[in-house]
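Reader: Could you walk me through the side-chain packing and backbone geometry of this one? I would enjoy a friendly tour.

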Amino acid sequence: MPLFRLCWVAAAVFGFAVISYTAAMTFADEVANSTPRAAAQAKPAIGDKVAAMTFKDMRFLPRSLGDFIHPKDLVNKQAFVLIFTNATCPLVRKYLPRLKGLEQQYRGNGVQFIAVNVGNDDSILDIATQMVQAEAEFPFVKDIDGSCVRACGVERTPECVLIDANFKLRYRGRIDDQFRLSGTAPAVTKRELQDAIEALVAGHQIVVTETLVDGCRITSPVAAKPSDKFTYADHVAGLVERHCVRCHQPGTAAPFSLLTYHDVSSNAEMIVETVSEGRMPPWYASPVFGKFENDRSMPQADRDMLVDWVRSGMKKGDLEKSAAAPRETNHEDAPAKDGKQDDDRWAKRTWQLGQPDVIYDVPGTFEVPADGYVDYKYSAVPQMFFRDAWIQGAEILPDNPRVVHHANLGFVSISGNIRNAKLITGYVPGGGPMVLDGGVAAKIPAGSLVGLQIHLTTTGQPETVRLRVGFKYPRENIQQELRHLDIHNKRFAIEPFAPAHVVKASRSLSKDSTIYGFFAHMHNRGRDITWTARLPDGHAQTLLMIPNYSFDWQLPYYAPKGQMRLPAGTKIDVVAHFDNTSFNPYNPDPSKTVRFGQQTFEEMMYGYVFYTEDAERLELKINPKTGLAEE
C-alpha cells in the first residue's frame with residue numbers, strides 16, 4: 001500500500017480527521033515517550049544531557065564533540081547540529097545542499113554542523129566521497145559503534161538533533177517539511193530545524209522541540225556470529241601475505257611484523273580495527289571514479305574472513321601442510337646504539353625494482369632527534385648528467401625507513417634551485433618505485449642534477465638515516481618519453497578557520513595522450529583533491545578523486561595501462577580543499593593565514609599527471625650500462 005494511504009488509514013484509526021500543528025507535536029511527544037519504545041531503548045528526552053558519544057573522522061581518528069571546542073576559535077560554540085546520514089537514502093541526497101546553506105548561514109553564530117554517517121556498509125572513503133560531491137564544508141564522520149544513535153535517540157536518516165553548548169538535547173526531528181520518501185511538496189512551509197537554531201542562538205525558548213521524521217530507518221550494527229570455519233594456515237596466512245607483509249616485516253616503517261602466526265595473533269585486535277574501518281591497507285582513491293592498477297584496498301570478503309577468524313578464537317591449523325603460510329625471517333630490526341644505527345642495515349634492505357644498474361649514495365648521514373619537528377632536508381646525487389639519460393626504473397632506498405616520512409626525487413638544471421626540482425618519483429612507506437616498460441622511459445635532460453627533498457620524522461629516540469637512489473636502464477628501444485604535467489598553484493592565502501578553502505590549477509594537453517598515473521602533494525591542511533578532464537567537446541570526466549587526502553600516505557595512483565586516453569586540447573583541472581579549522585587534528589595553528597611554502601606549517605598544492613604522447617616514435621636504442629642513447 002502506498003505510504004500516503006497508510007498515513008490516512010493511521011489517522012482514521014486514531015480518530016483524527018484534521019490534525020492541527022500543535023496536536024501533531026503532542027502526538028509526536030506521546031509516541032516518542034510511549035512505554036514499549038522506552039523499554040526497547042532508553043531514548044533521551046528533550047532537555048537531557050546527551051551521553052558521551054564517539055565517532056571516527058575522515059582521518060580514521062576517534063573524536064568527540066569536545067574536539068570542536070578550541071581556545072583559539074573566534075566564536076564560541078553555541079550549538080551542535082548533528083545530521084544522521086548514509087550514502088543511499090534519497091532524502092539525505094536531497095537535503096545535503098540545503099544543509100550546506102544552513103551551515104554557512106549559522107557558522108558565524110557558533111553553530112557547528114556535523115554529518116554523522118550510520119550506514120553499516122559505508123566506509124570512511126565512501127563518506128569522504130559524499131562530502132566532496134556535496135561540496136559540503138562541514139565535517140562528515142562515522143558512527144562506528146552506534147553510540148551517536150543511542151545518545152541522540154534518532155531512528156531515521158536524515159534525522160537531526162540540536163545540542164546546546166552544555167551538551168543538552170534541544171531539538172530532535174526533521175529538517176523541514178518539503179521532502180518525503182513518497183514525494184516532494186512544492187515549497188517549504190515549516191522550517192523546524194532552522195527555527196530551533198534561530199531560537200537557541202537568540203536565547204529564546206524553542207517552540208517545537210520534536211517532530212516526526214520521514215526517512216530511511218537506521219539499522220544498528222550487529223556483530224556477525226563467528227563461523228569457526230577459518231584457520232590461519234588454510235585461510236588467513238595467504239590473506240596476510242597478499243595484503244600486509246609487503247610493509248609489515250622487519251626493516252620497514254610498519255610498527256610490527258606480520259610474518260608469523262605469533263605476529264598476527266599478537267596484534268589481532270588492532271588488525272581487526274584497522275581492517276574493518278578500511279584504514280588498512282591504505283588506499284585513498286574514491287571507488288566512484290574507476291579502478292587503478294595499484295589499488296591496494298582489501299576486498300570485503302577478505303575483511304570479513306579476517307574478523308571472523310579472530311572472533312572464532314584464531315585457530316592455527318596445520319602450518320606444515322599449508323603452502324600459503326607467510327615466510328619466516330631471522331631479520332631483526334637493528335636497534336639504536338647511543339643514537340647511532342648499525343652499519344649493516346643496508347644488508348637488510350632490498351630493492352623493489354630489482355637490482356639497479358647504478359646506485360648512488362646520497363651524501364651525508366641525516367640525524368633525527370628523539371622528538372620535535374624536523375625541517376625538510378635537501379641533497380643532490382653526486383652525478384652530473386652531461387647528456388640525456390633514459391631510465392625505466394627509479395627507487396629511493398633508506399637504510400632506516402621508519403624515520404623517513406617521505407622523499408621526492410627530481411631533476412633540476414645545474415644553475416637551478418634543488419627545491420624546484422621536477423619530479424621523477426617519490427618514496428613513501430608502503431609505496432613503490434617507478435617501473436616502466438613497453439618502450440616508455442623517463443628522461444633526465446642533459447645539464448641536470450638529480451636531487452632529493454627528504455621529510456624525516458621522529459620515533460622517540462635519536463636515530464640516523466642514509467639514503468640511496470637506484471636507476472634501471474632500458475633493455476628495449478624507447479619509443480615514448482614519460483612526461484608529466486606539474487599542475488600547481490603557489491598564489492593562495494588560506495583564511496584563518498576556513499573549513500574548506502578551495503585552491504585550483506589547470507594545465508592542457510597539446511597532443512593526443514595516454515595517462516599513466518597521478519600523484520598529489522599537500523601538507524597538513526590538505527583535505528581532498530580531484531582531477532577533472534575538460535574535453536574539447538565540452539564533456540567533463542573525473543579522472544581521480546582523493547576525498548580524504550593523507551599527508552602520511554602520499555601514494556601514486558596508476559591508471560589502467562593504455563585505457564585512459566585524452567584528446568589534444570583537453571584541459572585538466574585540479575581542485576583541492578584545505579581544512580584550516582581547529583577540528584583538523586594536524587593543523588599547526590588555525591588562527592593563521594596560510595600561504596605557499598616548503599615547510600609543513602605552510603602549504604602546497606601539486607597535482608601531477610604522468611602521460612605519454614600517442615603519436616611519438618623516438619626509435620632510441622639505449623646503452624643498458626649507461627642509460628645514454630647510442631648514436
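**Rings, strands and backbone**

Author: Gladly; with rings of Phe, Tyr and Trp (its six-membered ring) pairing if their centres lie within 6.5 Å, the count comes to 19 aromatic pairs. This is a predicted model, where local features need pLDDT of at least 70, side-chain atom pairs count only at pLDDT 80 or more, and totals for chains, interfaces and linings use all residues. Residues are numbered from 1 along each chain as its sequence is written, and side-chain values use heavy atoms, with hydrogens and water left out.

Reader: How is the pair of F138 and F140 arranged: stacked or edge-to-face?

Author: A pair of aromatic rings is described by the distance of the centres and the angle of the planes. Planes under 30 degrees apart count as stacked, over 60 as edge-to-face and the rest as tilted. The centres of F138 and F140 are 5.5 Å apart and their planes are at 25 degrees, so the pair is stacked.

Reader: Are F138 and F140 buried or exposed?

Author: Buried means under 20% relative accessible area, exposed over 50%, and partly exposed in between (1.4 Å probe, protein chains only). On that scale, both F138 and F140 are buried.

Reader: What is the angle between the ring planes of Y606 and Y608?

Author: Y606 has a relative accessible area of 11%, so Y606 is buried, and Y608 counts as buried at 9%. Their ring centres lie 5.7 Å apart. The pair is stacked because the planes are at 10 degrees.

Reader: Which ring has the charged end of R468 over it?

Author: A charge sits over a ring if NZ of Lys or CZ of Arg is within 6 Å of the ring centre and within 35 degrees of the ring normal. R63 lies over the face of F583, at 4.0 Å from the ring centre. For R468, the charged end is 4.1 Å from the centre of the ring, and that ring belongs to W346.

Reader: Which residues does E103 touch, not counting residues up to four places away in sequence?

Author: E103 is in helix α4 (residues 90-106); helices (H or I, at least four residues) and strands (E, at least two) are DSSP runs, numbered from the N terminus. With 4% relative accessibility, E103 counts as buried. Contact means heavy atoms within 4.5 Å, and E103 touches F113, E137 and F138.

Reader: How do the axes of α4 and α7 lie: roughly parallel or roughly antiparallel?

Author: Axes are lines fitted to C-alpha atoms, for helices over the stretch in contact, and angles run from 0 to 180 degrees between N-to-C directions; under 35 degrees counts as roughly parallel, over 145 as roughly antiparallel, 65 to 115 as roughly perpendicular and the rest as oblique. The axes of α4 and helix α7 (residues 192-202) come within 12 Å and cross at roughly 10 degrees. That makes α4 and α7 roughly parallel.

Reader: Which strands are at the edges of the open sheet of four strands?

Author: Two strands pair if DSSP finds at least two bridges between them. The order is β12-β23-β16-β19, with antiparallel pairing; within it, six bridges join β16 (residues 393-398) to β23 (residues 467-472). The strands that pair on one side only are β12 (358-361) and β19 (434-435).

Reader: How far apart in space are I529 and V575, C-alpha to C-alpha?

Author: I529 is in strand β29 (residues 526-534) and counts as buried at 0% relative accessibility. Among the contacts of I529 beyond four places in sequence are L544, V575 and Y606. I529 and V575 are 46 residues apart in sequence, and in space they are 5.6 Å apart.

Reader: What is the omega of the cis peptide bond that joins M280 and P281?

Author: Most residues other than glycine have a negative phi, and most peptide bonds are trans. The bond from T157 to P158 is cis, with omega near 5 degrees. P281 is found in the loop between α10 (268-277) and α11 (300-311), and the omega of its cis bond with M280 is about -10 degrees.
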